[in-house]
Each structure stands twice: as C-alpha cells, then as structure tokens.
Amino acid sequence: MSLDWNHFTPLPSLGGGLLIGVAASAFILLHGRIMGVSSILGGALPPKKGDIAWRTSFLLGLIAAPLLARALGFLPIGRIDGSASGLAVAGLLVGFGTALGSGCTSGHGVCGIARLSPRSIVATILFVGSGMVTVWAIHALGLGG
Amino acid sequence: MQRISEFLIGLTFGGGLLLGGMTDPAKVKAFLDIAGLWDPSLAFVMGGAVIVGFFAFRIARRQARSLLGRVIILNDTMPIDGALITGSIVFGIGWGLSGFCPGPALVSIGMGEWKAALFVVAMAAGMVLAGYLNRQPKG
C-alpha cells in the first residue's frame, strides 16, 4: 500500500463529512427519520399514498446540490469510467444489495455507526471489505479501471 | 414547511458529498484500492459525519418525538441475518465496480451525467427486484 498524496483531500473531505453529519442530525431530530438514501428511494418503489412527498423532497434536494454548487462558482468533477453496460450491472448490484441489506453508505455507514448499531457496523465492514476485494480483483485480473 | 426542510436537508447532504469528493467515482475507487495507490479521503468524510451524528442520535434516542412532532424511527430491532450479510456483500461488489453508492449517484444526475442516470435506473430496478423476491412465499 502507498498513499495517493496527489489526490488526498483531508480537509475538504472532513468538511464534507461534517455537512453530511449536520444533514443526518437535522433529519433525525426534525423529521424523526434515518437519512439513508437507499431506503428513502427504495421505499418509493412503488410509491405508496401519503408516503411519497417527503421522499421526493429529500431526493430532489440531493439532485439540486450540484446546481447550487455551480451557481456558487464551485465546479464539481466526476470521473465516471467504465462502459454503460458495466455501470448498469453495477447499478443492479447496488440496488439489489442495498434493498436486501436494508441500507447503504449513508444509512448503515453514517447513521448506523453514529448510533453504534451492531447491525450497521457489520454491514459497513462487509460492504467496504467487498468493495476493496472487488477493486483488487479488477486490477489483478487486468480488467482496467 | 416540512417539504422545504426535507429539501434543504437533501441539499446539505448533497453539498457534503460534493465537497467531500464522493461524487467522483474515481476518488471512491481510490479509497477502496488499498492494495494500490490509496486515497484515504472517504474515511475523513465518514469520520466527520459520524462524529456529528453521534451526538444527534444520542439526543434522538431519549426522545419519543422529533422537533416537528413526528415519531422517531430508529430501526434498532432488526437482527443480523443472512439478508443483511448477503445484501451488504452484493452492494460492495457493485460499489467497487462503479465507484457509485446511492447518494452520490443521485447527486451526479444533477451534474448532468447521463451515465449516472443510467446507473440510478439500474439501481432502482435492483431495488424493485429485491422487494419482489422478498414478497415471494418462503420455503
């Protein structure tokens, strides 16, 4: 292992993390809900009457964030490599896995660990571990990326 | 009023993901690449969020209702079972392949990335499929 000093951004990343923590705190303290993106989206598929507006408002806020960032002069970068078919397969796995495991990086990784939930700690170790093995395997098999 | 608050919370969350660099799949993959050139930034994002959330959830645990009068739902009674373990491993594989988890993928749609939109459509299909299989009679 060697550190990628050229791309390592400890301060902006810590700042971003604090903002995410503020959002998760506001969600539980104001709305009484866990800020888990996969559950908020998955619960709207299919939409249930009387249970869709709050989900839509939150998700629209997420999607609007880059528009606000651009208006403030901050130009986010996103380096999406990989083919369309590869992304579709990855998307299916992420959707299926987060629905089966009832959470993703925000629900288990942030909100779950913050409240010391054993279930979320197990889930986070597993998905970070399996993500690391996957990236290692892609490199070891010479599949690019 | 509630709708505006939820929108602003989503906006703040998305802003945190953007500032933290989590909407850049290559950066997320570099965090998962511990055997190669490792970028530990994502650990700082998660650490910062957990530190703030720790105090909020300690307060929330002692309340029955939220400040806006809603029942606080903490989902702490579910077991560590096969679904949690299998689901988390499958999620990690998709995360490692793409560098996208659900939140950043949605934010990337707002960046005008058609590939992120494709990812989200596939992700939604995966969620529906998991829900459908879950409703099948077992045994």
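**View 1. Surroundings of A:Ala24 in the predicted model.** In this predicted model, A:Ala24 touches A:Met35, A:Val110, A:Cys111 and A:Ala114 as well as B:Ala49, B:Gly53 and B:Ala56, residues up to four places away in sequence being left out; contact here requires C-beta atoms, placed from the backbone, within 7 Å of each other. A:Ala24 is also listed, with A:Ile20, A:Ala23, A:Val110 and B:Phe119, among the residues with the most contacts inside the largest nonpolar core, which has 81 residues. Such a core is a set of buried Ala, Val, Leu, Ile, Met, Phe, Trp, Tyr and Cys residues joined through C-beta atoms within 7 Å, where buried means 20 or more other C-beta atoms within 10 Å of a residue's own, exposed 12 or fewer, and partly exposed in between. Residues are numbered from 1 along each chain as its sequence is written, and chains are lettered from A and ligands numbered from 1 in the order in which they are written. Local features need pLDDT of at least 70 and side-chain atom pairs count only at pLDDT 80 or more, whereas totals for chains, interfaces and linings use all residues.

View 2. The bond from A:Leu45 to A:Pro46 is cis, with omega near -5 degrees. A:Pro46 lies in the loop between helix H2 (37-42) and helix H3 (53-71) of chain A, helices being DSSP runs of H or I with at least four residues and strands runs of E with at least two, numbered from the N terminus.

**View 3. Two residues with positive phi in chain A.** Most residues other than glycine have a negative phi. A:Leu116, in the loop between H5 and helix H6 (118-140) of chain A, has a phi near 55 degrees; A:Leu116 is partly exposed, with 13 other C-beta atoms within 10 Å.

**View 4. Where chain B meets chain A.** In this view, 107 residues of chain B are in contact with 102 residues of chain A. On the side of chain B that touches chain A, H1(B) gives the most, with 18 residues, and the residues of that side divide into 66 nonpolar, 29 polar and 12 charged. Strand S1 (residues 2-3) of chain A is joined to S1(B) by 2 bridges, the strands running parallel, and A:Leu3 stands opposite B:Trp38; strands pair if DSSP finds at least two bridges between them. Nonpolar covers Ala, Val, Leu, Ile, Met, Phe, Trp, Tyr, Cys and Pro, charged covers Asp, Glu, Lys and Arg, and polar covers the others, Gly among them.

Technical notes. Two residues are in contact if their C-beta atoms, placed from the backbone, lie within 7 Å.
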